[in-house]
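This report concerns a predicted model.

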Amino acid sequence: MERSLTQIAIDELGSTVCLCGGPKERKKSFCVRCYFELPMELRRAMFKTFSEGYAEAYDEAKDFLRIHTSRLKGVQKDLFTAGDAERSK
Ligand SMILES: [Zn+2]
């Protein structure tokens with residue numbers, strides 16, 4: 001089942017486990033360590049509301065962590081396929 005970017009973002013905000021596998025606070029996008037790997041622009045974007053485009057910004061932040069850092073190494077790739085499908089539309 002494919003989830004929308006918004007649904008994924010909502011599910012992951014409600015989780016207490018960061019994508020890297022570490023603990024995070026509910027309603028936060030990432031754990032502190034992942035968060036501080038993000039460039040300033042993306043850190044700020046994590047405080048957007050859904051109507052301001054939070055889900056897209058969150059997806060971008062995940063891409064950043066996956067491509068530019070080793071934080072998400074070992075994370076299953078299918079976590080990201082919904083976002084990729086969304087962009088290719
Ligand atoms: Zn993390």
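## Packing of helix 1 and helix 4

Helix 1 and helix 4 of this predicted model are roughly perpendicular to each other, because their axes cross at roughly 75 degrees and angles of 65 to 115 degrees fall in that class. The axes come within 9 Å; helix 4 spans residues 54–68.

On the side of helix 1, the contact is made by Leu5, Thr6 and Ala9. Helix 4 contributes Tyr54, Ala55, Glu56, Tyr58 and Asp59. Classified by residue type, the contact of helix 1 with helix 4 comprises five nonpolar residues, two charged residues and one polar residue.

## The buried face of helix 1

Helix 1 covers residues 5–13, and its buried residues are Leu5, Ile8 and Ala9. Viewed down the axis of helix 1, these buried residues fall within an arc of 100 degrees, so they line one face of the helix. An α-helix has 3.6 residues a turn, so residues three or four places apart point the same way.

Leu5 and Ala9 are listed among the buried residues of helix 1, and both also take part in the contact with helix 4.

Tyr35 belongs to helix 2, which consists of residues 32–35. Tyr35 has 18 other C-beta atoms within 10 Å and is therefore partly exposed, as this class lies between the limits of 12 or fewer for exposed and 20 or more for buried.

When neighbours within four places in sequence are left aside, Tyr35 is in contact with Ser29, Phe30 and Arg43. Tyr35 and Leu65 are separated by 30 residues in sequence, with a C-alpha to C-alpha distance of 9.1 Å.

Notes. Residues are numbered from 1 along each chain as its sequence is written. This is a predicted model: local features need pLDDT of at least 70, side-chain atom pairs count only at pLDDT 80 or more; totals for chains, interfaces and linings use all residues. Helices (H or I, at least four residues) and strands (E, at least two) are DSSP runs, numbered from the N terminus. The arc is that of the directions from the helix axis to the C-beta atoms. Two residues are in contact if their C-beta atoms, placed from the backbone, lie within 7 Å. Axes are lines fitted to C-alpha atoms, for helices over the stretch in contact, and angles run from 0 to 180 degrees between N-to-C directions. Angles under 35 degrees count as roughly parallel, over 145 as roughly antiparallel, 65 to 115 as roughly perpendicular and the rest as oblique. Ala, Val, Leu, Ile, Met, Phe, Trp, Tyr, Cys and Pro count as nonpolar, Asp, Glu, Lys and Arg as charged, and the others, Gly among them, as polar.
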